Amino acid sequence: MRRRPTPFALALLVLVAPSGAAAVRLTETDTSTPAEGITVRRYRTASPATDALAAFVDLCAARLSVEATAVSNGTQSTGGWAGDAGVTLATNGDFYKTGPLRVYGNAVGGGVPWPRNQTGTDPAYAAEWYYQDYGYFAFGHDWVDFSHTGWVKRNDAAAVEGWAPGMVEDTTPPGVLSLVSGFPELVTEGRPMRCDDPTAGTCFRDRSDMRARHPRTAMGLTEDRRTFILLVVDGRTGSSAGMYGTELADTMAQLGAWQAFNLDGGGSSQFWVRGQGYLNDVDGNNSGNGTRAVANHWGIMAGGGNPARPSHCVDSPPCGVVPAEGGVVDDAGACFRSFGPAQFWRDEPEGEGGGLHWTNAWSGDRPLNWAWWQLHLAEAGTYRVEFKSHPEFGNYERAHYEIVADGASHAVIVDQGRDDAWHDLGEFHFAAGGRQFVRLNDAAGMDIENGHHLVADAVRLTRTDLPASPDAGAGGAIVPGADAGAVSPGVDAAPPV
């Protein structure tokens, strides 16, 4: 979303002023590639000496995804979480508090938003100093976006991107798979935060601890949104002094970040790589108190069970295109994906296209296993959406679907335990293009008996606002496993839009 805020005076801190302090001098001392799409570089600075590690993540690399911590009631070290999650590289995430455990900003992990009372979005925390001050990066299917911090939205008239500059309160955009928040903002649309005196009270008005040198963690994104950057800076030891906030901002800009945020630092700063463990001084950062357990984390999943198609590449062609008259999106194609613990999913050689998936319905109020069908429409229009039922594998009478069409989200509850046929989810207006989907959640939100199952097979879209034609059929079907944009033989393929 691009929305320019109403112009107003820039208060107290000038984001574009030249810095009176010397720029950070980075000397690269080592480089490695833990997996395809991930490059790790080690840096050393002088005056004072400081160690830093940066991960450069190619969001358009095959079999790569950005993961974040699912909601939990307990903290976990970065390495502990990363080992459980199976990611290749991980850092710590947002600032947090306990009682209850909550992060300062918003959070989404595994495609499931954290409950409001465990995030800084809850009005119950309106009296807290961090309330609504966060910014974030959010990753979805073929996209990555960000929201500016509250301070920037209030004070920087030059900011034109993010979710809604000038409007402090955020809503989580639909289709987010992973989201971690942070503040203050370090680089705003290509402009690093600068102060003549990094210790002055007017420097980083929204976080006073940015005016001293500490261990730091930061996240950034290049302007083309193809590279995600994670930086960890060591401090509090005789060999590594840490960084001021202005030095951290300058470093992120030098590394190529066009947009960047500060994450939890100090004793929380951790940089972990599979097979190597912690590459930074986690004990020194925590003043000799060992490895700290934290609330949430960033993780980079490379290879393994990830789909061959990149998860968040903004330049990817659509996984498939639904023709103007409609079509079938099957679970065997690139536009379908299941999420959650693999041991709770089953595949069967039956159903539309010769196969289907099914899982258990469960009593939780947040999804554990869920699936979606991504929809990229050749033309805008009104379409009837249907799902294929198979009572042998899907018998739950309160299956929870979410349809996101033309920016609006619609919740639909249906009985899957009917005859083996197509059944309506409703009619919806879809925009041309992507970022639209049908999602099936396993969360019942109530006590249920064992033996209730959900089937994820195919969904069908049928255009309902076109003039009737005597030759009109059921529409084209996206061919399972075909190249993006391919449809069944005999149906003209519309170009991606």
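Mentor: What follows goes from the sheet to one of its residues, and then to the loop.

This is a predicted model, in which local features need pLDDT of at least 70 and side-chain atom pairs count only at pLDDT 80 or more, while totals for chains, interfaces and linings use all residues. Residues are numbered from 1 along each chain as its sequence is written, and side-chain values use heavy atoms, with hydrogens and water left out.

The sheet is open and has five strands, in the order E9-E8-E12-E10-E11, with antiparallel pairing. Its edge strands are E9 (112-113) and E11 (143-147), each of which pairs on one side only. Strands, labelled E, are DSSP runs of at least two residues, and helices, labelled H or I, are runs of at least four; both are numbered from the N terminus. Two strands count as paired if DSSP finds at least two bridges between them. Strand E8 (residues 107-109) and strand E12 (residues 178-182) run antiparallel and are joined by two bridges.

Ala 107 belongs to strand E8, and opposite Ala 107 in E12 stands Val 180. The relative accessible area of Ala 107 is 1%, so Ala 107 is buried. Buried means under 20% relative accessible area, exposed means over 50%, and partly exposed is in between, using a 1.4 Å probe and protein chains only. Leaving aside residues up to four places away in sequence, Ala 107 touches Pro 113, Trp 114, Thr 119, Leu 179 and Asn 296. Touching here is contact, that is, heavy atoms within 4.5 Å. Asp 94 is 13 residues from Ala 107 in sequence, and their C-alpha atoms are 8.7 Å apart.

Next comes the loop between E9 and strand E10 (135-140), where Gln 132 is found. Gln 132 counts as buried because its relative accessibility is 18%. With residues up to four places away in sequence again left out, Gln 132 touches Gly 120, Gly 150, Arg 154, Val 168 and Glu 169. The side chains of Gln 132 and Tyr 131 are also joined by a polar contact of 3.3 Å. A polar contact is a pair of N or O atoms within 3.5 Å; within protein, one must be able to donate a hydrogen and the other to accept it, and residues adjacent in sequence count only if both atoms are side-chain atoms.

Side chains of opposite charge can pair when their charged atoms come close. The term salt bridge is used for a side-chain nitrogen of Lys or Arg within 4 Å of a carboxyl oxygen of Asp or Glu. Such a bridge joins the side chains of Glu 128 and Arg 102, at 3.3 Å from N to O. Glu 128 is in the loop between E9 and E10, and Arg 102 is in strand E7 (residues 102-103), so the pair ties together parts 26 residues apart in sequence.

For context, a search of the whole structure finds 19 salt bridges. Asp 145, Glu 161, Arg 225 and Arg 435 are linked in a network of them.
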